[in-house]
Structure formats: C-alpha cells, structure tokens
Amino acid sequence: MSHEKRTSADFFKQVFGRTVNVKLHNRTEYIGVLAALDGNMNLVLEQCEEYLEQKLINKYGQILLRGNNVLYISAKFNQKQQQEEEI
C-alpha cells in the first residue's frame, strides 16, 4: 500500500471508464460508468441506474449530473485493480 499523497485528479484518472457511485444532496444515488467530467465537476455516466433509499427507480443509457448537486463520488476497487494502479 502506497503512503504518498494523492489528489482528486489522481482519483478521477483512476476511475475514468469504471463504475462509480454518485450521491446527490437530495439523497438520490446514481451508479454508472464515468464517461466524462469537466472543471465544474459535471459528470456524464453511462449504463446508469438511479436509486432512492436503496430502491431502484430508473435505468438510463446516459445521464448528465450537475456538479453542484454532487455530495460525493465513490468507487470500489478489487485488490487486483489496486495493485495495477500502484505499479
């Protein structure tokens, strides 16, 4: 495990093209593949699913989320992916 300091840019390089979980301030969650990101933290997710209180609400092919609505973005990595990123 590396102890060097990482930036948010490092995180987004690591998760670009991978599945992420995005939670909005209104408690809605979106799970999809991160396809695009801009300087205002606007996100485009593909193959996206919308959840509210852990219940599936809808599925979208592609969705745009405004950055000012985003509470957090998270991603799960398996151990193999983490090892590849450290190399």
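## Strands 1 and 2

Let's start with strand 1 (19-24) and strand 2 (28-37), which are joined by five bridges and run antiparallel. Here helices (H or I, at least four residues) and strands (E, at least two) are DSSP runs numbered from the N terminus, and two strands count as paired if DSSP finds at least two bridges between them. Within this pair, Val 22 has Tyr 30 in strand 2 as its bridge partner. The two strands make a hairpin with three residues between them, and Arg 27 in the turn has a positive phi of about 80°.

This is a predicted model, where local features need pLDDT of at least 70 and side-chain atom pairs need 80 or more, while totals for chains, interfaces and linings use all residues. Residues are numbered from 1 along each chain as its sequence is written, and side-chain values use heavy atoms, leaving out hydrogens and water.

The open sheet has five strands in the order 4-3-2-1-5, with antiparallel pairing. Strand 4 (55-65) and strand 5 (70-74) each have a single partner strand, so one side of each lacks a neighbour in the sheet.

Eight bridges link strand 2 to strand 3, including the one between Glu 29 and Tyr 51. Nine bridges join strand 3 (residues 43-52) to strand 4, where Glu 46 stands opposite Gln 62.

## The core

Which residues touch the most other members of the largest nonpolar core? They are Val 22, Leu 45 and Leu 65, out of 14 residues. Such a core is a set of buried (under 20% relative accessible area, 1.4 Å probe, protein chains only) Ala, Val, Leu, Ile, Met, Phe, Trp, Tyr and Cys residues joined through side-chain atoms within 4.5 Å.

How values were computed: Buried < 20%, exposed > 50% of the residue type's maximum accessible area, 1.4 Å probe, protein only.
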